[in-house]
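Trainee: I am new to this structure and would like to go through it step by step. Please show it to me before I ask anything.

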Amino acid sequence: MTPPRLGIGVIGAGRVGAVLGAALRARGHGILGAYAVSDASRTRAAELLPGVPLLDVPAIVERSELLLLAVPDDQLGPLAAGIAATGLAPGGQLVVHTSGRYGTEVLTPLAEAGCAPLALHPAMTFTGTSADLPRLVGCPMAVTAAEEFLPVAAALVVELGGEAVVLPEGDRPTYHAALAHAANHLVVLVDQSREVLRRLGIDDPGAYLRPLLEAALDESLRRGSRALTGPVIRGDAGTVAAHLVALEDLDATAADPGTADLGATYRALALAALARATLAPGDRDAIRALLAESTTEEDA
């Protein structure tokens, strides 16, 4: 049996909203309007949602059976309260947000107005292009909703091609911290490594790092901390000391002082690796003292 098609309004045609709108449109749902403020969002809407009118929020609320709220976390609560205050949201309307941080409590004003609130967060990084659409297939998506609305949330995930994972309201901040820590800080780490290689004259540092990083990521996803390699895990304090000198020398000559954080990042991650290492006490103490000494000298 084909599920009923919905008239959907997209509020926030950013990287996530435009892509999810396009995915739902491809499944036969109607996108009745999109709200886009920036030039980038308007361009994205034109590319991913061609023919969909750009409307203001009240017009989208009035027209839609399902509201897709894809706005930054800190804007979500005020947006929900503002929509509820207009009195335009009809009873029975579905309201779905895409924030990883929040469950459905942030949509309480709309629930009190008779809407059915759902939280749906795909665990992936969006580029805001059509390349994201196939990546939705099989993507885990955290859903939070009242028990009676969980089947609706699960059905939407199926429509998007994802795999629903039910997450309690109170677990959302911790869940989101785990994902942000992994994805966002991985980008910082890789960017630092690319910059070091670039300063050494390697023309395409991303290509140079790719085999190493892809293998490390695959192993870490399968084996966790057992995939760790390198001087900390081997207890090579002399190599760690040489790394610190080299990176701190690069920090001292960084073009942008705001990014002179190679040494600090290396020390923090080396300490985290050390906590996961199985070393003889003497080797562990030598590396810990080296890292602590370097931190103390910088803070002095």
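Trainee: Just after helix 9, which residue takes a positive phi?

Mentor: This is a predicted model, in which local features need pLDDT of at least 70, side-chain atom pairs count only at pLDDT 80 or more, and totals for chains, interfaces and linings use all residues. Residues are numbered from 1 along each chain as its sequence is written, and side-chain values use heavy atoms, with hydrogens and water left out. Helices (H or I, at least four residues) and strands (E, at least two) are DSSP runs, numbered from the N terminus. Just after helix 9, a positive phi of about 65° is taken by Gly-224.

Trainee: How far apart are the end C-alpha atoms of helix 9?

Mentor: Helix 9 covers residues 205–223, which is 19 residues. The expected span is 1.5 Å times one less than the number of residues. For helix 9 that gives 27 Å, which agrees with the distance between its end C-alpha atoms, 27 Å.

Trainee: Where does helix 9 bend?

Mentor: The bend at a residue is the angle between axes fitted to the seven residues ending there and the seven starting there. In helix 9 this angle is about 40°, and the place is Pro-211.

Trainee: Which residues does Leu-197 touch, not counting residues up to four places away in sequence?

Mentor: Leu-197 lies in helix 8 (residues 172–199). Its relative accessibility is 15%, so Leu-197 counts as buried; buried means under 20% relative accessible area, exposed over 50%, and partly exposed in between (1.4 Å probe, protein chains only). Contact means heavy atoms within 4.5 Å. By that rule Leu-197 touches Ile-202, Pro-205, Tyr-208 and Leu-209.

Trainee: What arc do the buried residues of helix 7 cover around the axis?

Mentor: The buried residues of helix 7 are Ala-153, Leu-156, Val-157, Glu-159 and Leu-160. The arc is that of the directions from the helix axis to the C-beta atoms. These residues sit on the same side of helix 7 because they cover an arc of only 160°.

Trainee: Which exposed residues are on the face of helix 7 turned away from its buried side?

Mentor: The buried residues of helix 7 pack against helix 1, strand 3, strand 4, strand 5, strand 6 and strand 7 (163–166). The face turned away from the buried side carries the exposed residues Pro-151 and Val-158.

Trainee: How many disulfides does the count come to?

Mentor: Cys-115 counts as buried at 6% relative accessibility, and Cys-139 is buried with a relative accessible area of 5%. A disulfide is a pair of cysteine sulfur atoms within 2.5 Å. By this rule the count comes to zero.
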